[in-house]
Amino acid sequence: MSTTQNNSQDMRTPTRRVRHLGAAHSGTRHFWHQRLTAVAAVPLTLIFIVVAMTLIGRNHAATVQILGSPLVAIVMMLFVLTTVYHMWLGMQVIVEDYIHHEFGKVALIMGNTFFCIAVGVACAFALLKLSFGV
Amino acid sequence: MTLTMTMSIVHRITGGALYFGVLLMTWWLLAAASGPADYASFQAAAGSWIGKLVILLATWALLHHLLGGVRHLIWDLGYGFGPAEREWLTRATLIGSIGLTVILLVVYLALGRG
């Protein structure tokens with residue numbers, strides 16, 4: 001009964017209701033991916049700290065050997081990709097919360113994307129080069 | 001301001017700092033990938049007193065953001081909202097991050113590798 005009442009007041013089209021994506025056009029995707037990357041980052045960060053601690057003070061040859069070994073390289077790659085995605089989502093929220101000037105907001109959101117992709121590509125490239133030694 | 005309010009903004013500040021702190025990791029990986037000379041330059045910078053201080057602060061920020069994130073995940077699941085629980089969780093985040101940073105510092109000093 002209340003459903004009928006709601007429907008009569010609902011200004012959304014049937015398609016909008018079915019798609020369930022709301023005013024952001026992406027539903028809860030941003031929220032969900034923030035949590036997804038956060039959960040993944042917990043074990044990956046702990047492993048990253050162990051790897052980094054292990055490599056302190058080692059010479060270049062030893063560092064390359066350890067960072068270039070498959071298991072370490074794969075975990076480091078997962079850490080880098082999880083982290084850049086997580087920080088891309090997080091910085092977008094910070095910009096949206098504090099920057100209210102429309103042009104500045106759009107520019108910073110674009111800059112955020114460029115920065116995160118650049119950092120991710122640089123780290124991924126370095127890890128691949130360490131593994132394949134080209 | 002209550003501790004939960006302070007820790008809320010600290011979570012955001014550590015997140016924002018780590019956003020740029022990631023450049024340290026990028027520098028480290030690129031230096032290692034570039035060769036012995038570039039890696040030596042990185043190690044000289046990271047081994048300086050200012051380098052060590054920045055890495056120590058970044059380590060605390062990373063651990064604090066990690067523990068704060070776990071606290072938020074617990075809240076996301078609907079637990080820990082009671083007045084005593086939320087204070088306890090918030091205190092644990094701060095004590096845990098400082099404690100773990102000190103433990104890592106002790107391990108680093110014990111290893112004695114520069």
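How many residue pairs are in polar contact across the interface of chain A and chain B? The rule finds eight, both residues of each pair being at pLDDT 80 or more. A polar contact here is a pair of N or O atoms within 3.5 Å; within protein, one must be able to donate a hydrogen and the other to accept it, and residues adjacent in sequence count only if both atoms are side-chain atoms.

Good morning. This is a predicted model, in which local features need pLDDT of at least 70, side-chain atom pairs count only at pLDDT 80 or more, and totals for chains, interfaces and linings use all residues. Residues are numbered from 1 along each chain as its sequence is written, chains are lettered from A and ligands numbered from 1 in the order in which they are written, and side-chain values use heavy atoms, with hydrogens and water left out.

Let me turn to the interface. Chain A brings 41 residues to the contact and chain B brings 32, where contact means heavy atoms within 4.5 Å. Between them the two chains bury about 3,000 Å², and 76% of this lies on carbon and sulfur atoms. Buried area is the accessible area (1.4 Å probe) that two parts lose on being put together, summed over both. On the side of chain A, the residues that lose the most area to chain B are A:M53, A:H60 and A:F115, together 19% of what that side buries.

Next, the charged pairs. Side chains of opposite charge can pair when their charged atoms come close. A salt bridge is a side-chain nitrogen of Lys or Arg within 4 Å of a carboxyl oxygen of Asp or Glu. The whole structure has four salt bridges over all chains, and two are counted between chain A and chain B. In one salt bridge, B:R12 meets A:D97 at 2.7 Å, N to O. In another, A:R35 pairs with B:D76, with the closest N and O atoms 2.9 Å apart. A:R35 lies in helix α3 of chain A and B:D76 in helix α3 (residues 49–76) of chain B, so this pair joins two chains. Helices (H or I, at least four residues) are DSSP runs, numbered from the N terminus.

The structure holds one cavity of 30 Å³ or more; on a 1 Å grid over the protein atoms alone, a cavity is a set of points where a 1.4 Å probe fits but cannot get out, and a pocket is an open set with protein on both sides within 12 Å along at least five of seven lines. Lining residues have an atom within 4 Å of a point. The largest cavity is lined by residues of both chains: A:M53, A:I56, B:Y108, B:L111 and B:R113. The second largest pocket has a lining that includes A:H30, A:H33, A:Y85 and A:W88. Helix α5 of chain A gives the largest share of that lining, four residues.

Terms used:
Grid points are joined across faces, edges and corners, and a volume is the space filled by probe spheres set on the points.
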